[in-house]
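Please work through the exercises below with the sequence and the model open beside you. Each task is followed by a solution that goes step by step.

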Amino acid sequence: MKTPQIVPETLAEFPFFGILNQSDLEWILHQATAENCQPGRVLIQEGHPVESLYLSISGTLAVTVSRQDGGEQELKRLFGGELMGEMSFLDNHLPSATIKVVEYSQVLSLSKNTLARKLEIDGDFASRFYHLLSLKLSDQLRGLSGLLTENQALPSEPLRKVLLVFAVLNDSDIAWMIANGVPEKVIPNTVLIQQGKPVPAVYILLEGTLGIYISLSKNGITTEKEVAKSIKGEILGEMSFVEIGTASATVKVVENAWLLALPQSQLAAKLEQDRAFASRFYRAIAVVLSNRWRDRLIRRGFATLANDLTSMLSEEIDAEDELDFDVLEGTAIAGTRFDWMIRQLR
C-alpha cells in the first residue's frame, strides 16, 4: 500500500493546527519522521519514559488507563490529527495513559529534545505551539468530563494551579496582571461562572472557597452534581478563554471569596501585542490543563501512577491559611510571586 505524501496543508486541516503558520508546519515536517505502524504496536506505555511527540496522520489508535482494581479502561479512540505525548513533554512526568495502534496507522514522531530547542530559540513559534497545546488539552478535558462524572471521585485537596502558572510567568507578567486585573469580593451562593454561557474573565482565587458543578440530564430530568471545590490559588475560566467558548461547568461561591478577574478582552489584547508573554501564558495554561487531566484520572481511580506534583501541591493549609511554599521544590519563586500579588492587591 502506497503511503500518501504528507504536506503542510495536510497538517493545517487537523484540529487546532490552524494556529500554526506555513513555516511552522514545514519545520515540523522537516524535523519529524514518518512511521507506518501495525496493529498492536504501543507508541506510549503508561509509566514508561517517552522520547518523542507523535501526530497521527491516518488510522486508529486507542487510549487506555489502568484501574486500581488491576483492570484497564479505554478512554477514547484516536484518528487522524491527534497529537500524543504532549503532557509528558510539558511536565516531564511519566505518561499516565497507554496509546496503542488498533488499525494500521501512519504517524509522525518528533524528538522532544528537537522540539524543546526550537521552542527556546523561536519565541513566535513557541507562542503558537503552546496555544495549540492549550486548545488541544482543553478539548481533551471536556471530552473526559462525561466519563468521569459517572464515576465516584476519590477525596483529594484541590491543586493550587497558580503555582504552576506563576512558575512559568515572570515578574513583569505578574505586575501586568495586578495593574490590569479587577479585584472582586463575592459572597456565598454567587454564581461566578454559568455552565453553557460565555465566561467574561480568567479568575485567580486569592481567598475563599468555590464549588464546581456540572449539570447532567437523564430521562428528561436535569440534576446538578458537585464535582470539585476550589481553594486559594486556583485559576478558573482558562479553558473557555483559550477556546473562545462557553463554560463547561458552573462555579458558585461556597465561602466569602476574593478574586482577581482578568477581563478576556484585555488579556487577548496583551497576548496579541506581546508574543513573549503569549508564549509563557499559553505554556502555563497547557501545564495547568495537563496536570488537571492527570489529577482527575488519579482521583477517580483510573490511573494508578503516583503523581509527585499532585501530592506536592495538595498540602494542607494551616490554621493561619498560609501556604507553605517551601515544601514545593522548584515552585518557591511562584509562591513568592503569589504572596507578592496578594500584598499588592490588599
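The model is predicted, so local features need pLDDT of at least 70 and side-chain atom pairs count only at pLDDT 80 or more, while totals for chains, interfaces and linings use all residues. Residues are numbered from 1 along each chain as its sequence is written, and side-chain values use heavy atoms, with hydrogens and water left out.

**Exercise 1. Describe the ring pair of Trp-176 and Phe-277, and state which cluster the ring pairs form.**

Step 1. Begin with the rule: rings of Phe, Tyr and Trp (its six-membered ring) pair if their centres lie within 6.5 Å, and planes under 30 degrees apart count as stacked, over 60 as edge-to-face and the rest as tilted. A search of the whole structure on this basis finds nine aromatic pairs.

Step 2. The ring centres of Trp-176 and Phe-277 are 5.8 Å apart and the planes stand at 50 degrees, so this pair is tilted. Because Trp-176 belongs to helix H7 (residues 171-180) and Phe-277 to helix H10 (residues 275-299), the pair ties together parts that are 101 residues apart in sequence. Helices (H or I, at least four residues) and strands (E, at least two) are here DSSP runs, numbered from the N terminus.

Step 3. Both Trp-176 and Phe-277 are buried, where buried means under 20% relative accessible area, exposed over 50% and partly exposed in between (1.4 Å probe, protein chains only).

Step 4. Phe-281 and Tyr-282 have ring centres 5.7 Å apart and planes at 70 degrees, so this pair is edge-to-face; Phe-281 and Tyr-282 are buried. Ring pairs link Trp-176, Phe-241, Phe-277, Phe-281 and Tyr-282 into a cluster.

**Exercise 2. Which ring does Lys-118 lie over, and which ring has the charged end of Lys-252 over it?**

Step 1. A charge sits over a ring if NZ of Lys or CZ of Arg is within 6 Å of the ring centre and within 35 degrees of the ring normal.

Step 2. Lys-118 lies over the face of Phe-125, at 5.4 Å from the ring centre, and the charged end of Lys-252 sits over the ring of Tyr-213, 5.1 Å from its centre.

**Exercise 3. What lines the largest cavity, and what lines the second largest cavity?**

Step 1. On a 1 Å grid over the protein atoms alone, a cavity is a set of points where a 1.4 Å probe fits but cannot get out, and lining residues have an atom within 4 Å of a point. The structure holds two cavities of 30 Å³ or more, a volume being the space filled by probe spheres set on the points, which are joined across faces, edges and corners.

Step 2. The largest cavity holds about 100 Å³ of space, and its lining includes Phe-17, Ile-28, Tyr-54 and Phe-129. Strand S3 (52-66) and strand S6 (98-111) are the elements that give two or more residues to this lining, and the largest share, three residues, comes from S3.

Step 3. The second largest cavity holds about 40 Å³, and among its lining residues are Val-165, Met-177 and Phe-281. Strand S9 (201-218) and H10 each supply at least two residues of that lining.

Step 4. By class, the lining of the largest cavity has nine nonpolar, no polar and no charged residues, and that of the second largest cavity has eight nonpolar, no polar and no charged residues. Here Ala, Val, Leu, Ile, Met, Phe, Trp, Tyr, Cys and Pro count as nonpolar, Asp, Glu, Lys and Arg as charged, and the others, Gly among them, as polar.

**Exercise 4. How many salt bridges are there, and which parts of the chain does the pair of Glu-207 and Arg-346 link?**

Step 1. With a salt bridge taken as a side-chain nitrogen of Lys or Arg within 4 Å of a carboxyl oxygen of Asp or Glu, the count comes to 16.

Step 2. Glu-207 and Arg-346 meet in a salt bridge (2.4 Å, N to O). This pair links distant parts of the chain, with Glu-207 in strand S9 and Arg-346 in the segment after helix H12 (332-345), 139 residues apart. Glu-207 is partly exposed at 28% relative accessibility, whereas Arg-346 is exposed at 64%.

Step 3. Glu-234 forms a salt bridge with Arg-292, the closest N and O atoms being 3.5 Å apart, and both residues are buried. Lys-161, Glu-234, Glu-238 and Arg-292 are linked in a network of salt bridges.

**Exercise 5. Why is helix H6 (residues 161-168) described as largely enclosed by the rest of the structure?**

Step 1. Seven of the eight residues of H6 are buried, so the helix is largely enclosed. Among the buried residues are Lys-161 and Val-165; Lys-161 also belongs to the salt-bridge network, and Val-165 to the lining of the second largest cavity.

Technical notes
On a 1 Å grid over the protein atoms alone, a cavity is a set of points where a 1.4 Å probe fits but cannot get out, and a pocket is an open set with protein on both sides within 12 Å along at least five of seven lines; lining residues have an atom within 4 Å of a point.
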